[in-house]
Amino acid sequence: MGVAFLRALVAIGLLALCTVPALSQEAGITGVVVDDGGHAVADARIVLLPAKSETTSDAQGRFTISLAPGIYTAVATRAGFEQVTVADIVVQSGALAQIRVIMPPVALSSLTTIARVETTSPGQFNAGSFPVSVLGGQQFINAGSITTEQILDETPGVVAARPNANAATNGSTVSPNLRGALDYEKETLIDGHPLINGSHGDYPVMLVDSMLFDDIEIAKGPSAYASEIYYGIGGTMNFRTGDPTQQEIGRVIYGIDNQGGSFANIRDTGTEGRLGWVLDLASYGTQGPLQDYPAEFSVAKGTTIVGYGKITGTTTSGSPLNHETGPYPIPNSLGDPTNAYSTLIACCQLVNSNYLTKGEVTKLYYHLSNSTVIDAGFVGVQGTYDGAAGSFGEVDTTFSPTAAFSSPGYSPYQPGFQIPVAEKATFPDSTLYDSEPMFESDLRSSIGNDTLLARYYSEVYLRQTVSNMSSPSANYTTGPFALYGTAAINGGAPTAFDGTVAAMTFPTPYSNSVEHDILHGYSFEDDHPIGNGQLTFEYDHTTALTNAYSVVGSATQPDGVLSTSIAAGTRQDFITYLLRGTFDLGPNTTLTLANYYDVYQTHYTPEKSPTGAFLFTQSTIGHDDPRIGLSYRASPDVAIRFTAGSSLAPPYPSLTNALNQTPAQVYTTGATFVTVTHNPGALLPETSFGYDIGTDARLPFGAIVSFDAYLTNLRNQFDSVIYPDGTYTSPAGPIPVYVSTTENLGNSRYEGVETSLHSDPATGVGYVLSFDLQRAYPYDISPCFYATAAKPCPGYGTNLLVIPYINFEGNGTGFNGISNKSEAYAMGFAGIHVRGAFGQYAQIGVTYFGPNNTYDVSPFFVTSASYRVPLWSPQTTIQISADNLFDADDAPYLLGYEGIPAPLINGQIGLRNAIPYGPRTVRLSVGHNF
């Protein structure tokens, strides 16, 4: 199907604008039309604007047309191929301008094909109707970036956001945000196929290997060119694998990093006769920044110290123990846990951050004719990483043993001193396993002037986190640890441990959590030319089957205790009917009108029967989403774009599958209140209407400046709430009842500006300067939304972090919010690079993480650098690269409750963890192209 089967509706090779001395005084344009495999395209219609002259390519794809001197735009069309627009063709007196038009086959697997307009001038120039960033595979190779986060953070309007986890390790969750929209408010695709994690409605990318993809297409805002727009409020991100090349080419890359890791990639693509192929293998394994890192931890009640007995007294608390005194370190904070106290400390738990990801791409294309191609492929992603390291952090605790502890001079721990301890000690260790196989098949053909496309895909998304022990009913005994402090053993008086070495046994710590999604879908498209434009009808249907559950250890149940969060049988169907027309209003103006009629069906369970069986129900929601796009070429050096339209985000399964509970089901002896879950029932989908206006301009010195301003109004945003709901008569008397559920918030808004200045010559010095300012906030919220103690809505304090006109902030301890990560007010990037004539390359860049960044720390800068030189030929190179060159925000683990406090609506502050960027990572690699 060609390189642009995924890449672009219009992918044109760099057109060599050269004036050739003519044997006669004829002026005009001559050229050749080929497909993206280099084969001649006969009978292609070429229209020259504004002259409206036209011609047709011959059997060899060649054409010539006489024109008066001037600047022209060529529009090439043929059934089965994407319409191609070539701008800025300069015709001089007495000369023929030579061009080469590459017409990619029509495809469903790329976002930018219809929208892209190429020019004969150098530099990436967006003359389409919506803002788009295409992050090429070579861009990741140049930076030496194996995972995708670094380059995403360098892209205006994109944040490779991290939730409250240890971002210093490769296994930590990463879910990119587009223009401040939340995780589930963007659509994520591979080769144009939707990916949906039913548990959270997003697609984390921490296991995605950049070497496996040709590029990442990012369409921001309400583009009229997306195939489907579910969850596309902020835009769409498409990971595009490669296509066969005309000649067989390949590459081999092998490298190592400074954390004991190695990475490799081998790729081979080509075409032989009618058969084309792509073979691609990639892997990356590393120990990460935590390698046998020693961490103290507090020993909890219920632990058995081998040779002594079971701990029966309290050992940890958020309040002073054993007559310790002192104010909380941070005043007016909600649920302040920073002044934790512990009577018994163990040294030391060894923490490791091992990480491994692998990927495969296998694709076969068969050309039945020049316009009919069928292909089939497999894309696989697998990975594992240390589960404990992904959330590992330390929090300061005050060591407060009783008087029974008598510390000699050599003891490292003194009563009253603060000690950093592991916030979540994990025994035994846990491992995350991930597998994501996808099968895809596409067919492209033509009937008359119409182009017909059909495709199908099937994907499994399986993610499992399991403790490293075999039996749910087994206890776990550690190796020996040094113990310091005091604890009540077997109900007796406190026993002192002053460096005592002993093993410990934890009762049934087994855990196994599973997220399992099975997706499949199919699409049909008919493209019909109308004048110099095109009319498109498309039907898409995607089905997602979802279930999620966990099993925890139990001494009485050999198979453990099963807890289901999303019942097997949960199903979502996403159906889209799309009608789109692209019209040329003049030689420089193109209008696109699109209407998406979306039907969302969900099969979910709100409750169980008396026998414990899940009871399913069905709901169907239809929504009409019109969109418009307008592009105007004011001059060869200036393009103006405008796009507007609506989007929707249906409730994802973990919202609709909350089970209804009664107070009697959750009450435990001695409880002073109960909190029950209620199914949200008729939860409305989020809907939005957004606008974008922007421009690209080529400056006199050859650089390109790009600017976009956007505004998206959002209604019915999902928000977790807790509110009072009467009382429950327990055996001890009436106690308050609180309800936990999901509701639709009234109004939110995303707005901002994005700008960049870039120059990228074939050789010499290039540069990039980019910056974006964004806001993501709620507004017009009723005072009753907060249900605080203040009138007119007295009750249980909740939703305290949702503050009108304040950017969304990540959740913390004791308060609710909308987002699980902060939405930065500002991001920026500045970089310079140099290309040599023989393959030399060097770059250095600085990324700015502004206020309210995803790391919950003060604004900071991260520097990256890369240097590559050829060895014995330009095809064989050696490269060294470094991320976080100067070790900014370099901790290998998160710091408990040391992030920037979040303001709350009640005047208090909420405490958050400080998430680290991570220490310097250096990679050395050797590559060979053949």
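**Close-up views of a predicted model**

**View 1. The largest cavity holds about 320 Å³ of space.** Among the 22 residues lining this cavity, T147, N170, D883, Y917 and T921 sit closest to its centre. Two elements, helix 3 (149-153) and strand 55 (921-929), each give two or more residues to the lining. Sorted by class, the lining has 8 nonpolar, 10 polar and 4 charged residues. (Ala, Val, Leu, Ile, Met, Phe, Trp, Tyr, Cys and Pro count as nonpolar; Asp, Glu, Lys and Arg as charged; the others, Gly among them, as polar.) The structure holds 12 cavities of 30 Å³ or more. On a 1 Å grid over the protein atoms alone, a cavity is a set of points where a 1.4 Å probe fits but cannot get out, and lining residues have an atom within 4 Å of a point. Points are joined across faces, edges and corners, and the volume is the space filled by probe spheres set on them. Helices (H or I, at least four residues) and strands (E, at least two) are DSSP runs, numbered from the N terminus.

*A note on the model:* this is a predicted model, so to speak of a local feature takes a pLDDT of at least 70, and side-chain atom pairs count only at pLDDT 80 or more, while totals for chains, interfaces and linings use all residues. Residues are numbered from 1 along each chain as its sequence is written, and side-chain values use heavy atoms, with hydrogens and water left out.

**View 2. Here is an open sheet of 4 strands in the order 22-21-36-33.** The pairing is antiparallel, and two strands pair if DSSP finds at least two bridges between them. At the edges you'll find strand 22 (309-310) and strand 33 (476-477), each pairing on one side only. Strand 21 (residues 304-305) is joined to strand 22 by 2 bridges. Take I305: its bridge partner in strand 22 is G309.

**View 3. C347 and C348 form a disulfide.** The structure holds 1 disulfide, meaning a pair of cysteine sulfur atoms within 2.5 Å. Here the sulfur atoms are 1.8 Å apart, and the link is left-handed, with -65° about the S-S bond. C347 has a relative accessible area of 24%, so this residue counts as partly exposed. (Buried means under 20% relative accessible area, exposed over 50%, partly exposed in between, using a 1.4 Å probe and protein chains only.)

**View 4. Strand 26 (residues 344-351) pairs with strand 20 (residues 293-298) over 5 bridges.** The two are antiparallel, and A295 has Q349 as its bridge partner in strand 26. Strand 26 is also joined to strand 34 (residues 481-488), again antiparallel, by 4 bridges. There, I345 has Y484 as its bridge partner.

**View 5. Now for some rings: the structure holds 39 aromatic pairs.** F263 and Y284 make an edge-to-face pair, 6.0 Å centre to centre with 80° between the planes. F263 is in strand 18 (residues 262-272) and Y284 in strand 19 (residues 275-286), 21 residues apart. F263 is buried at 4% relative accessibility, and Y284 is buried at 0%. F297 and F481 are also edge-to-face, because their centres are 5.3 Å apart and their planes at 90°. F297 lies in strand 20 and F481 in strand 34, so this pair ties together parts 184 residues apart in sequence. (Rings of Phe, Tyr and Trp, its six-membered ring, pair if their centres lie within 6.5 Å; planes under 30 degrees apart count as stacked, over 60 as edge-to-face and the rest as tilted.)

Methods
1 Å grid on protein atoms, 1.4 Å probe; cavity = no way out; pocket = protein on both sides within 12 Å on 5 of 7 lines; lining within 4 Å.
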